[in-house]
Amino acid sequence: MTTIESLDLQRAAKEHLWMHFTRMGGFDVADVPIIVRGDGCHLEDSNGRRYIDALAGLFSVNIGYSFGEEIGQAALEQMRELPFYTNWSYAHPRAIELAAEVASLAPGDLNRVFFCSGGSEAVESAWKLARQYYQARGGKNLASALAEPVTRHDELVASLHAPPRYKVIARHIAYHGTTLGALSINGIPALRMPFEPLLSEVRHVSNTNRYHRPAEETEAQFTQFLLDELEQAILAMGPETVCMVHMEPVQNAGGCFTPPEGYWRGVREICDRYDVLLSADEVITGFGRLGHWFGSERYDIRPDIVTSAKGLSSSYAAIGAVVATDRVMEPFTGETSMFAHGITFGGHPTMCAIALKNIEIMKRERLLEHVRENEAAFKATLSQLLDLPIVGDVRGAGYFLAIELVRDKETRETFSDEECEKLLRGYLSNALWDAGMICRADDRGDPVIQISPPLVAGQAEFDEITGILGEVLTGAVELMRA
């Protein structure tokens, strides 16, 4: 019988482990990459090779890999005190403390925190919250309807049959998670198709990618185009049936699309005009990635709901949260009111203790200030790659950047699907790994390389990342010319 101590990790990985979003057949002839330790911005594999983690795990290890002992001590102390209890009708100190801390960091009156286990669950929970909010706030039941004076029977019937609000608007190419509800909001067809039909009606409007817009279009014209399209989508769906507009402050999939001037102000105004909740997906952008506790603060989004995860614990723990305003919470404060949703591990004491310690470390190490002080240098260093003919654009904000790859820099022509397969999966993914760097080469929109290091990264790491990318992309130029 094989024991854990004598386990052949490579063989066991191939025989038993089912990895996420992974072409498992590729490991018939290749080894599974096995990461065994980390420090700072670097990781080490089972063969002793070191890599710079230019993706911070999955845009999430914000404090880097050197605080395991301190966070482990916080987890140990909590385990000794109370290893688990639920938030279903009960509270415990760490969940209360973390909710208060998150509320103090969130902008505006985002004061109520509902905990879950991760980003997909946060998005799923936000949609359920938005749907039930309108029922709790304004849905008439038979008793209340009969108590109101009506002059005609058809008015009574109409009051009882007002259409429910359940529809959502999101953006093209946007990624919002993998559970069935979150997947329904996704704007990436390739991820949705294997699981269709999905839930309810979700419509997708244009994202804020300016790189492929007409050169003569001004920023103000682009903003107006986006806002007109959003308003027309709400009208086409029926404003009385739309419960939520769900968008990221800076969109991840497609390559770090930042908002044009006036965009978020206009989105907020449209949501107010049609009484639709505005939900900001901050699973990535929350907790320092953009140099603020929330990207909603940086762009003055003023959302009704925020979804978060990843940076809440720097991924040292599996925890996510939905943060709602007092207005969204108000219909659920009645004596018999209840948000009919719950997750066993939501607000797990040990996960909350880890998240609290993570926030403490971020404050102590001044990581938000560090990002703001260094984001210009980070972008300037990566922008040296614009000298390469294959690099068309370097964009993003904070420590959240993307490099778009193009076939023709003059015309901004992108690569075909076949060329993307050859470039990204046939060459770049392996070449970057072999060169000692972990990042993401992605073509869910146009082909990009996404760079999102731990927030502790400085100029030495920027130079290391740019140097490796320069070498590998020079090889990519030769490959695509061949």
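Biologist: Is L199 buried, partly exposed or exposed?
Modeller: L199 is partly exposed, because its relative accessible area is 35% (buried is under 20%, exposed is over 50%, and partly exposed is in between, with a 1.4 Å probe and protein chains only). This is a predicted model, in which local features need pLDDT of at least 70, side-chain atom pairs count only at pLDDT 80 or more, and totals for chains, interfaces and linings use all residues. Residues are numbered from 1 along each chain as its sequence is written, and side-chain values use heavy atoms, without hydrogens and water.

Biologist: And where does L199 sit?
Modeller: L199 lies in the loop joining α9 (189–192) to β6 (202–205); helices (H or I, at least four residues) and strands (E, at least two) are DSSP runs numbered from the N terminus.

Biologist: New topic: how much space is in the second largest pocket?
Modeller: The second largest pocket holds about 920 Å³. A pocket is an open set of points on a 1 Å grid, with protein on both sides within 12 Å along at least five of seven lines, and lining residues have an atom within 4 Å of a point.

Biologist: Which residues are closest to its centre?
Modeller: Of 27 lining residues, N87, V113, F114, F339 and H341 are the closest to the centre of the second largest pocket.

Biologist: Which element gives the largest share of that lining?
Modeller: β4 does, with 4 residues of the lining of the second largest pocket. β4 spans 110–116, and α4 (93–105) and α5 (119–138) are among the other elements that give two or more residues to this lining.

Methods. On a 1 Å grid over the protein atoms alone, a cavity is a set of points where a 1.4 Å probe fits but cannot get out, and a pocket is an open set with protein on both sides within 12 Å along at least five of seven lines; lining residues have an atom within 4 Å of a point. Grid points are joined across faces, edges and corners, and a volume is the space filled by probe spheres set on the points.
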